[in-house]
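Dear colleague,

I am passing on the structure that we spoke about, and below it you will find my notes on what came out of it. Please read them slowly, with the structure open beside you.

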Amino acid sequence: MENHDYSNLDYDKLKKQLFFNLAEKKAIKDLNIQPDAFIPVLFSLKFGGDWSFKTQKLAAIAVKEKITRYNEEEGEGYTLERVTLFVNPQVISTQGKVLRLEKCGTKNERELVERPFYVELDAEDIIQAELNPSTMTIILKRIKGPLNFEGPAAYGISHEIEHLTGCEYTGKFIWEFKYKLEG
Ligand SMILES: [Zn+2]
């Protein structure tokens with residue numbers, strides 16, 4: 001066995017991480033949600049972005065919205081991160097068509113895709129996690145659907161739903177664009 005000589009700082013960090021993991025486990029238990037279904041939330045909180053996860057029994061997506069609250073007078077603010085988890089999601093309706101370039105984590109290049117501007121989404125279970133950098137809290141609550149999203153959150157949902165259904169959009173690539181010199 002190796003003999004690690006932990007400094008006080010390392011020990012403090014390890015202790016905090018251990019308690020954080022225990023609190024995470026307890027939160028999942030208290031929410032009464034299948035641990036697998038919570039995975040996209042943990043990924044979104046720890047690594048950022050939107051995530052989807054699928055097993056034989058369930059499908060789940062987590063979409064992240066960033067809301068900056070800035071006080072002009074004090075010149076201070078913070079960016080709240082709201083992660084909404086949908087367990088076995090169901091798209092109620094979509095509206096609009098937006099052309100945009102997207103980079104998926106599983107691909108090497110950005111692709112030109114079409115996304116809806118509005119998405120109405122429902123699910124068997126919906127959990128919202130709000131990470132507040134100002135209070136250093138992560139507030140969890142169960143909410144009722146359906147929910148309406150627009151813009152970036154709608155694009156994210158559409159992207160993750162594609163991963164779940166397996167019909168991933170094969171769009172056009174940047175090298176199919178044409179440069180045009182003006183003036
Ligand atoms: Zn993706």
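Two residues are said to be in contact if their C-beta atoms, placed from the backbone, lie within 7 Å. This is a predicted model, in which local features need pLDDT of at least 70 and side-chain atom pairs count only at pLDDT 80 or more, while totals for chains, interfaces and linings use all residues. Residues are numbered from 1 along each chain as its sequence is written.

With contacts defined in that way, Ala62 touches Pro40, Val41, Ser44, Asp50, Trp51, Val83, Thr84 and Leu85, once its neighbours within four places in sequence are left aside. Ala62 also belongs to the largest nonpolar core, which has 25 residues, and is among those that touch the most other members, together with Val41, Ala60, Ile61, Leu85 and Ile157. A nonpolar core is a set of buried Ala, Val, Leu, Ile, Met, Phe, Trp, Tyr and Cys residues joined through C-beta atoms within 7 Å; a residue is buried if 20 or more other C-beta atoms lie within 10 Å of its own, exposed if 12 or fewer, and partly exposed in between. Among the elements that give two or more residues to this core are helix H2 (35–47), strand S3 (76–95) and helix H3 (152–165).

As for the chain as a whole, the protein has three helices and nine strands, where helices (H or I, at least four residues) and strands (E, at least two) are DSSP runs, numbered from the N terminus. Buried residues make up 21% of the 183 residues.

Glu72 counts as exposed because 7 other C-beta atoms lie within 10 Å.

Strand S5 (residues 111–115) pairs with S9 over two bridges, and Glu111 stands opposite Phe173 in S9.

Finally, the mean pLDDT (the predictor's confidence in each residue, from 0 to 100) is 92 over the chain, and 95% of the residues score at least 70. Confidence is lowest in strand S9 (residues 172–173), at a mean of 88, and highest in strand S8 (residues 147–150), at 98.

With best wishes

Methods
Pairing = 2+ DSSP bridges.
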